[in-house]
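Visitor: I'd like a close look at a single part of this model, please. Could you start there and then show me how the surroundings are put together?

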Amino acid sequence: MTLLGFQPDPDFNRLRTALFCRQPDRVPLAELWIDAPVKEAILGRHIGNSFVDPDYDVEADIDFMYGAGYDYVHVEPRYSFPMKPGLEVPENAGTVLNWADFGDYQWPTIADVDFHWLDRAVKYLPSGMGIITGTSGIFEAAWRITGFTTFCLLMHDQPDLVAAIMQRVGALLLQIFERGAAYPRVGALWISDDIAYASGPMLPPAFYRQHLFPWYRQMADICRQRDLPFLYHSDGLLWKVLPDLIAAGFNAIQPIEPKVMDIVELKRQVGDRLCLIGNIDLGYTLTRGTPAEVEAEVRERIRTVGPGGGYCVGSSNTVTYYVPPQNYIAMIEATRRYGKYPLEGV
């Protein structure tokens with residue numbers, strides 16, 4: 001299917017090569033997520049939200065990713081940590097506030113996880129494409145269960161309760177990782193777990209080292225056993241924990257927020273150990289800039305970060321619903337125009 005004026009030639013090995021910090025035939029495209037309205041505007045068909053919509057169409061999603069020039073489709077199993085009504089996005093008080101709440105909470109198990117969309121993706125996936133699966137974050141799920149302010153207070157008042165919540169969440173997500181890694185056509189795993197603000201880590205790094213990074217290491221072990229790249233998403237300023245993330249076993253990091261992370265310096269320091277994904281500015285270029293400005297930024301990223309491989313073009317977060325389709329298309333077209341190795345004329 002020709003969607004954007006070029007004949008797709010998906011090759012998951014292209015992406016895999018870049019994720020392992022080597023040079024493929026061209027710079028791949030990679031996104032954590034692309035909001036349905038953008039995809040549907042280009043595809044001309046309903047796709048839906050894979051997290052919540054009962055009529056999410058994974059086949060249409062694959063058709064879009066194929067036609068847009070990606071080497072993979074990102075499909076995660078569905079699961080949830082239940083929240084009290086009205087507290088789906090808790091800031092202060094959440095659902096579990098004390099040990100009594102912890103005991104009463106309906107903790108999900110692996111039997112509650114729906115792998116339906118992965119099953120369908122395996123059957124429909126075109127030749128050459130791969131599947132990336134994974135989960136949302138351990139830390140994110142844990143603080144949403146309590147509310148962020150409550151989580152911070154509990155760290156001081158009841159650290160054993162915080163540890164128990166992290167244990168419950170981490171154990172389930174590790175099981176999901178293990179099952180997802182065993183699926184046919186799965187070529188990489190991705191965890192999205194925001195741990196930093198633009199000013200630095202949301203919590204003291206010591207907390208992550210005790211309660212979060214050990215789970216990442218176990219997930220990395222699952223990936224390593226199957227020779228699968230392990231991808232990480234977190235916004236924010238990550239320099240203080242970057243050595244920890246590398247030591248945990250990640251192969252790639254995304255999205256490298258432009259206002260706080262210099263991707264050229266990141267490439268210089270860790271480009272031989274971490275594939276860099278994203279960094280095309282969502283704050284201005286993709287959302288409020290012109291297609292010509294998008295093209296220029298993509299060209300500059302490929303020129304400065306692309307040499308030697310280990311770079312994938314993508315947004316500096318996700319392709320949100322308010323990204324004009326013409327700007328998103330400009331990012332794709334510029335990647336194909338300037339990203340062929342050996343990089344010449346960029």
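Visitor: What is the relative accessible area of arginine 45?

Guide: Arginine 45 has a relative accessible area of 35%, so the residue counts as partly exposed. Buried means under 20% relative accessible area, exposed over 50%, and partly exposed in between, with a 1.4 Å probe and protein chains only. A word on the ground rules: this is a predicted model, in which local features need pLDDT of at least 70 and side-chain atom pairs count only at pLDDT 80 or more, while totals for chains, interfaces and linings use all residues. Residues are numbered from 1 along each chain as its sequence is written, and side-chain values use heavy atoms, leaving out hydrogens and water.

Now to the partner of your residue. Arginine 45 meets the side chain of aspartate 63 in a salt bridge, 2.8 Å from N to O; the term asks for a side-chain nitrogen of Lys or Arg within 4 Å of a carboxyl oxygen of Asp or Glu. Aspartate 63 sits in helix 3 and arginine 45 in the loop between helix 2 and helix 3, so this pair links distant parts of the chain, 18 residues apart.

Aspartate 61 and lysine 39 join through a salt bridge of 2.9 Å, N to O. Because aspartate 61 belongs to helix 3 (residues 58-67) and lysine 39 to helix 2 (residues 36-43), the pair ties together parts that are 22 residues apart in sequence. Both ends are buried: aspartate 61 has a relative accessible area of 4%, and lysine 39 has 7%.

The whole structure holds 17 salt bridges by this rule. One of them pairs arginine 273 with aspartate 272, at 3.5 Å from N to O. Here arginine 273 is partly exposed at 43%, and aspartate 272 is exposed at 61%. Elsewhere, salt bridges with shared partners connect Asp9, Arg14, Asp25, Arg26, Asp71 and Arg336 into one network.

Arginine 336, a member of that network, also lies over the face of phenylalanine 6, 3.9 Å from the ring centre. For that label, NZ of Lys or CZ of Arg must be within 6 Å of the ring centre and within 35 degrees of the ring normal.

That brings us to rings. There are 22 aromatic pairs, where rings of Phe, Tyr and Trp (its six-membered ring) pair if their centres lie within 6.5 Å; planes under 30 degrees apart count as stacked, over 60 as edge-to-face and the rest as tilted. Tyrosine 79 and phenylalanine 81 have centres 6.1 Å apart and planes at 85°, which means the pair is edge-to-face. Tyrosine 79 is partly exposed at 21%, whereas phenylalanine 81 is buried at 9%. Tyrosine 321 and tyrosine 322 are edge-to-face as well, with 5.0 Å between centres and 90° between planes.

Most residues other than glycine have a negative phi, and most peptide bonds are trans.

Terms used: Helices (H or I, at least four residues) and strands (E, at least two) are DSSP runs, numbered from the N terminus.
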